[in-house]
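Subject: Structure handover

Hello,

Here is the structure you asked for. Please open it first, then read the notes below.

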Amino acid sequence: MVVDSQSSDTETILRLKGPLEFKCQLDNTDALLMQKVISRTFETLRSKVKSESCVLSVCDSPVIIWPNRSVYATPEDITPNTLCEDIHQWIQTDEQESAGKRSAKKKSKKCSAVSVINFRLMMEVTKQGPVSAPILSRTVQKSHFLSTTLSMDCVIRTSCNDTMKEACERLLEALTHQLCDMEKVTLHHMKGTTLLLPEPLHFLLPEPKGLVTVVYPAGVPDSQLEAQRKELHQHFELPDDKPYFRRANAYHFPNEPYKDGYLRNPHQVLTHPTLDNGKVYLVQGIYSYHHYMQDRMDDNGWGCAYRSLQTICSWFQQQGYVERHVPTHKEIQQALVDVGDKQSSFVGSRQWIGSIEVQAVLNQLLGITSKIMFVSQGSELASKGRELANHFLTEGTPIMIGGGVLAHTILGVAWSETSGQIRYLILDPHYTGAEDLQVITDKGWCGWKGPEFWDQTAYYNLCLPQRPKIL
């Protein structure tokens, strides 16, 4: 476990990734002897990291650094005293045509927002000096040869004034610690001559704890790592009713696109409304925006509640509460048949569902309980500010609201306890376009709405999913 708690309002994350070849020969099946051989192999790798052959290259740039040669670097403009943030000027952007030019968007001396500089770990294979002739020898014996690649992945956070010398020292220290953690995990989960690959993951904890790197054994499900998570919660003094260290909680770096193509948290680019003595209460965590026409499914005109339910399911998945995928329309329909709510002919149909069905599916597929709030007419929703604010404070889950023939997702409220003024943060599943954040926010598909947004005479049911108390 590696902790990087250095933090500032504006910072740069340095991320170092790369392979290290792990190779060892086990001539004996004695468990203690095998563990000693594996430990020696890890020690050899730690020595390589500290050697002059260790090289760090800045991705998408001509910058190469030899951290153990007094932080020697090319181009020669870069010195040990160069500020980390100044490395940005060497990194190529997608818009540049020439690979040899410096970035046209030279970063200001003044720190702006959090950014990521990616480094690649490499090892020199050639050495200086005369080359001797190879000597070949052959030994015949029975042995077990282990060979695999360790995927190293270290992060540190730097401030505006940190130099490359300081950053390289901390990166190599993090790399060395990660190898130690990998050794512990490998030995602990070793079965005979079978090793489980160690898998480093990064988690962003509440400040001032910052980024924490934890090594898990690959292939071991979260359900079998509860004891380790409990130790981590105790070590960092975290509550034991909310997951922080499940794989789904792993930090998503801002420069990495999500592979599934869904937008995450589009509301974060919006400006909050200002109300007299008002406060903003928002969904806690990460969700995916699900809407009409996604997944090659033409549900325009009937699938809005299905999409709202999918957004809610994505929240539970991405907070680590459940491991199953977001259900499809057919899986949602089948779940309602399985609980006895619908006939078998419902599967494959284009029939609507409402808040009560959403509650049933969440319980059937995810084991999630929900509260239902009934509102006899839309004009009454303005009086529900306290209940909605309390939900986002305590549970923090998206809310599905259905009324008439429409369903929406409520992501938060801005509410004034003194005046009773209220605004609703709405995620609209009726959108049919591409995953274009600007269009979605500019056109109000994700946006703040006033009480007039609701049909004042229609009745509404709200499904308020409850967060499980687990770690």
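Leaving aside its neighbours within four places in sequence, which residues is Leu462 in contact with? They are Ser355, Lys371, Ile372, Met373, Val375, Leu381, Leu388, Ile399, Met400, Ile401 and Ile410. Contact means heavy atoms within 4.5 Å.

Some ground rules. This is a predicted model, where local features need pLDDT of at least 70, side-chain atom pairs count only at pLDDT 80 or more, and totals for chains, interfaces and linings use all residues. Residues are numbered from 1 along each chain as its sequence is written, and side-chain values use heavy atoms, with hydrogens and water left out.

Cores
Leu462 and Leu362 have the most contacts inside the largest nonpolar core, which has 60 residues. Helix α4 (residues 304-318) gives the most to this core: eight residues. A second, separate core has 44 residues, including Cys24, Val58, Trp90 and Leu175. A nonpolar core here is a set of buried Ala, Val, Leu, Ile, Met, Phe, Trp, Tyr and Cys residues joined through side-chain atoms within 4.5 Å. Buried means under 20% relative accessible area, exposed over 50%, partly exposed in between (1.4 Å probe, protein chains only). Helices (H or I, at least four residues) and strands (E, at least two) are DSSP runs, numbered from the N terminus.

Helix pair
Helix α5 (residues 329-338) packs against helix α6 (residues 355-366) at about 90°, with the axes 9 Å apart. The two are therefore roughly perpendicular (angles of 65 to 115 degrees count as such). Axes are lines fitted to C-alpha atoms over the stretch in contact, and angles run from 0 to 180 degrees between N-to-C directions. From α5 come Glu331, Ile332, Ala335, Leu336 and Asp338; they meet Glu357, Ala360, Val361, Gln364 and Leu365 in α6.

Arg264
Arg264 sits in the loop between α3 (226-235) and β10 (278-282). Arg264 is buried, at 17% relative accessible area. Its side chain reaches the backbone oxygen of Tyr262 at 3.1 Å. The Arg264 side chain also makes a polar contact with the side chain of Ser288 (3.3 Å). A polar contact is a pair of N or O atoms within 3.5 Å; within protein, one must be able to donate a hydrogen and the other to accept it, and residues adjacent in sequence count only if both atoms are side-chain atoms.

Ser143
Ser143 lies in the loop between β6 (115-123) and β7 (144-158). Ser143 is partly exposed, at 37%.

Best wishes

Methods. Parallel < 35°, antiparallel > 145°, perpendicular 65-115°, else oblique.
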